[in-house]
Amino acid sequence: MKPNPSNNKLFKVSRRDFVKIGALGSTGLILGVPLGCKQDKNAFLTGREDALFAPNVYITILGTGEVQLIAHRSEMGTGIRTSLPLVMADEMEADWTKVKIIQAVGDIKYGDQNTDGSYSVRMFYQPLRVAGATVKLMLMQAAAQEWQVDISECKAVNHEIVHSSGKSFGYGYLAEKAAALHIPEESEVTLKDSKDFKFISKETVIYDLEDIVTGKAVYGLDKQIPDLKVAVIKRNPEAGAGLQSFNSDKATKIEGVDKIYKMEATAFPMGFNAPLGGIVVVANNTWTALKARDAVEVVWEKGINAGYDSNVFMEQMQRSVQKEGQVKRQLGSTSKALREAAKVIESDFLVPHLAHSPMETPCAVARYNADGTCEIWAPVQSPQWVRQAVAEALGIEESEVTINVTLLGSAFGRKSKPDFVVEAALISKEMNTPIKLLWTREDDIQHDFYHSNCAQHIKVGIDKNNKVTSWVHRTAFPSISGTASAEATGPSSDELCMGVLDMPFEIDNISCESLDAKAQIRIGWLRSVHNINHAFAIGSIVDQVAQARQMDPIDNMLDLLGSDRKIDFTALVEGFNNYNVPLAEYPCDTQRFKQVVQLAKEKSGWGKSLPKGQGMGFAAHRSFLTYVACVVEVEVDDNNNIKIPMVHFAIDCGVPVNPDRIRAQFEGGAAFGASLALKSEINVKNGAVMEDNFNNYLVARITDAPINTAVHFVENEEKPTGVGEPPVPPFIPALCNAIFMATGKRITRLPIKL
């Protein structure tokens, strides 16, 4: 049956066609599940043969009863390889112990495989429910035919279709029979009532847990194939600058070294795909490769960013935000309101460059074959982007590149870039042998796609009636687009929609402005992206406003949120971006916002008496469509050592698909936020990053991380939203506000230095 490109209807796939498109050979019921991927629909319309079988994921039920589900997203610790199949399995009424998850290679037939932005569950929750329910209905229809009974007498119970008489068929027995039936229209499918959920909203351990804890799980660094050589690269400390000369005489004499050669550097801005260039060292093993790299003598060229000093740049940005910038959101007259204000609260906030520092550094195994094809094994978030980039770099068709996605030993956005995989592919072609390219910790910290440093100035006016009447927020930071385009001179509107333009307070006079700041090193997406900077500034100034108004911080927050309403930002901001979904479907609802604030207050014991040197801080922020309120407790001793004994998160992420994984995301988010707030800072001088390992690029140790983290859910049946990134933004200002309560010291620059 040919699928209809006009909708997202499921369609059957024959075993022959399933094999033809490169999936597993199977018998039984095989369904393709299109998930609305634009490129697949275009392929249909152009009549391409491969488009006939272009679902985004597959459901297969074998004669044995085993259910095979394709995971088309990358697993980097979020549990997404479990959560999405759980949704299908729940509606199928499947036995989870009989479900096998198969990782998809990077291919257009799987639709959008880009795993970032905290949108996987949000994007695929509903279509995967429909897919699972459709399979269940087909199995029920098959059973009803077998028994010659009305389908109303049948129901699905834990991998079986059971008749009212008590007789039953297993899913394996019914699979082939169901495959002969037509696929029901979506209108014929009934989704479960939430009270009948078997897995959704229940605690389920991740699919890979046993392999991970027993060391069987294969990450990118673990991957081995025959005849593998190891490669490392010696890079110019300044991104985008070239090589003047090098001498490899000493290095090539080291036993086990295969080749040392120059890889051309790409000029700045270089984009996200291009290799940094440098001296490539290929050897029999890692130790030899690193020893030889150290022995190579190099004279580097200077590039256009040789004079970049991040601290000087920060001072320039701080001066710039004292003046009016490009107004991106305007309401009323802030100048008039500020002139008439009884009190004006204002402050500057500074955030340095930050690095991703995933525990598993970038790495990739590449095998360029004699027939001109290339196979990759790598921990990547965007396998399709990687496939395109590798094909372009090698000068071959995408269809000649296979991207096998391994587990990711964390990523935080770093592994969404193809650059390191392209390097591995180019080296494999040059060497005509399989290559494992390794980035050391030093490589990673010194040549990352860094989080933008940022300067902000916020000024708030309070009238004689103690009402907040004006809000001016100016922000300056290099845009991520600056990594690919010299035309990008400052924040884009999309980037400003992460905390600035979507500020939810009900204030009569508002001005949100941006100032120019040009990228001079590689800038990229870091977990929570610009919400880190903006939530830090907003959450901190709000605490200052509460102090000025002599109000409890939480009462102050509820007052600022104002009346219950769904804010139409599209009427306030030209080109407003609501995390790439319509605002009408995912509105900014102040009632939901206030619910998480009140829940945090209730669960945290807010307002309790604390001894000297201890404090509680509060902040709330909406990001990636999820509402989060956070209360942090701190202890600060006489030597200014900071301990975080307790963190409370109250969250509204709609239906929590897998609460266990959400809780893990928030626990990890608190630790990640503690790193950014307390420790982490990238400094650049003369175009080169000064930090090079965890001895000087600091992250939270066990003694720095929160000791206890509690996560409290607002119960509702709203659509699921993101949970991977939302913990970080409110945690940082809540921590800073807690430190203020404990010590009386305001924090306006990260990392915190008391």
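Predicted model: local features only at pLDDT ≥ 70, side-chain atom pairs only at ≥ 80, totals over all residues.

Asp90 sits in helix α3, which runs over residues 80-92. Once neighbours within four places in sequence are set aside, the contacts of Asp90 are with Lys192, Asp196, Phe197, Lys198, Phe199 and Ile200.

The overall fold comes next. The protein contains 19 helices and 30 strands. Its radius of gyration is 27 Å, close to the 27 Å that the globule rule gives for 754 residues, so the protein is as compact as a globular protein of that length. Computed along the principal axes is not meant here in an experimental sense: the C-alpha trace spans about 80 × 70 × 50 Å along them. Of the 754 residues, 62% are buried. Taking contacts between residues at least 6 apart in sequence, 78% join residues at least 24 apart.

In soluble globular proteins, nonpolar side chains tend to be buried together. Here the largest nonpolar core has 120 residues, and the members that touch the most others are Trp471, Val597 and Phe731. The element that gives the most to this core is helix α19 (residues 728-743), with nine residues. Another core, of 44 residues, lies apart from the largest one; Leu86, Ile101, Phe197 and Val655 are among its members. Phe197 is also one of the residues in contact with Asp90.

What does Phe731 touch, not counting residues up to four places away in sequence? Its partners are Cys630, Val632, Ile644, Val647, Phe649, Ala670, Gly673, Ala674 and Pro706.

Ile225 is found between α6 (209-213) and β9 (229-234). With a relative accessible area of 11%, Ile225 falls under the 20% limit and is therefore buried. Residues up to four places away in sequence left out, Ile225 touches Val365, Arg367, Trp377 and Pro434. Glu487 is 262 residues from Ile225 along the chain, and the C-alpha atoms of the two are separated by 43 Å.

Notes:
Residues numbered from 1 in each chain as written. Heavy atoms only, no water. Helix = DSSP H or I, 4+ residues; strand = E, 2+ residues; numbered from the N terminus. Contact = heavy atoms within 4.5 Å. Core = buried A, V, L, I, M, F, W, Y, C linked by side-chain atoms within 4.5 Å. Buried < 20%, exposed > 50% of the residue type's maximum accessible area, 1.4 Å probe, protein only. Rg over C-alpha atoms; globule rule 2.2 N^0.38 Å.
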